[in-house]
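Colleague: I would like to go through this structure with you. Could we begin with its open space and then turn to the helices?

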Amino acid sequence: MEHKDILARAANVADSAEIYSTRSQSIRVGFENNFIKESSSSDLSATGVRVIKDGRIGFSSSSKPGDGSIADMAADLSQFGKPVKFAFPGPGTVQHLPPDSAGSPPSESDAVSTCEGAVDSLRSLGDGIMAFSGISSHEVTGKLLNTAGFEGEQSHSRISSYCGLVQNKEGNFLQLFESKVSRSFGGFGPMISKVSEDYRLCATNEKLKTRKYRVLFTPRGFSHLLGVFSAC
């Protein structure tokens, strides 16, 4: 049963009604120690109906697609609901987020191949490197319509990505990584370049004479230093 059909069914058993639905699509891909560790995806949806009948509110929801029974259930439960003195809003506009030039999140198969490419690039930097990478995306779409004439829809997405390497040698233990959280995914290119440059600077130990040296901390390094004091 379509959303408008469920709303019409609710309108037949109540004075007014609204229906709200969400769809959540997620993928999660991760590589660790040069090999794939996880690859999963989910596509979940839910629908809720809220009615006003005889001055009281009633609500019911379901995760079963096209479940029209929630309209009748909401109307039946309204006799136990709180009295209300509001009405559902009429026609209006929903402000949408501007479209993202980088497009939609990658598919699960694309994420696997992209992460594998990042691992191959990083492990080629030197002997004994164990590379890791990952992509996690979450996209949610919400729709709301009611018997007063309002109808709106809005979507938003969030993508987390990371890549890095571990190399353990006698006297030189390295762990380097970069990460990003945004509304789109433009590839691992900039992160791989940063990790590669960091590796070039850190791969070789330099012998230093015993003396006092001035030390310059990067913002990330300084935050780790402060963590010692905050833990105390």
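**Pocket and helix packing**

Colleague: How do the residues of the lining of the largest pocket divide by class?

Modeller: This is a predicted model. In the lining of its largest pocket, nine residues are nonpolar, four are polar and five are charged.

Colleague: And how much space lies in that largest pocket?

Modeller: The largest pocket holds about 550 Å³ of space.

Colleague: Which residues lie nearest its centre?

Modeller: Nearest the centre are C202, L216, F217, T218 and G221, out of 18 residues that line the largest pocket.

Colleague: Which elements give two or more residues to that lining?

Modeller: Those elements are β6 (172–182), α4 and α5 (219–231). The largest share, five residues, comes from β6.

Colleague: Let us change topic to α4. At what angle do helix α3 and helix α4 pack?

Modeller: Helix α3 (residues 108–123) and helix α4 (residues 189–202) pack at an angle of about 20 degrees, and their axes are 10 Å apart.

Colleague: Are they roughly parallel or roughly antiparallel, then?

Modeller: Angles under 35 degrees count as roughly parallel, and α3 and α4 are therefore roughly parallel to each other.

Colleague: Is the crossing left-handed or right-handed?

Modeller: The crossing in which α3 passes α4 is right-handed.

Colleague: Which residues meet there?

Modeller: From α3, the residues are A118, S121 and L122, and they meet I192, V195 and S196 of α4. By class, this contact has four nonpolar residues and two polar ones, with no charged residues.

Notes
Residues numbered from 1 in each chain as written. Predicted model: local features only at pLDDT ≥ 70, side-chain atom pairs only at ≥ 80, totals over all residues. Heavy atoms only, no water. Axes fitted to C-alpha atoms, helices over the stretch in contact; angles between N-to-C directions. Helix = DSSP H or I, 4+ residues; strand = E, 2+ residues; numbered from the N terminus. Parallel < 35°, antiparallel > 145°, perpendicular 65-115°, else oblique. Left-handed = near helix turned anticlockwise from the far one by under 90°. Contact = heavy atoms within 4.5 Å. Nonpolar A, V, L, I, M, F, W, Y, C, P; charged D, E, K, R; others polar. 1 Å grid on protein atoms, 1.4 Å probe; cavity = no way out; pocket = protein on both sides within 12 Å on 5 of 7 lines; lining within 4 Å. Points joined across faces, edges and corners; volume = space filled by probe spheres on them.
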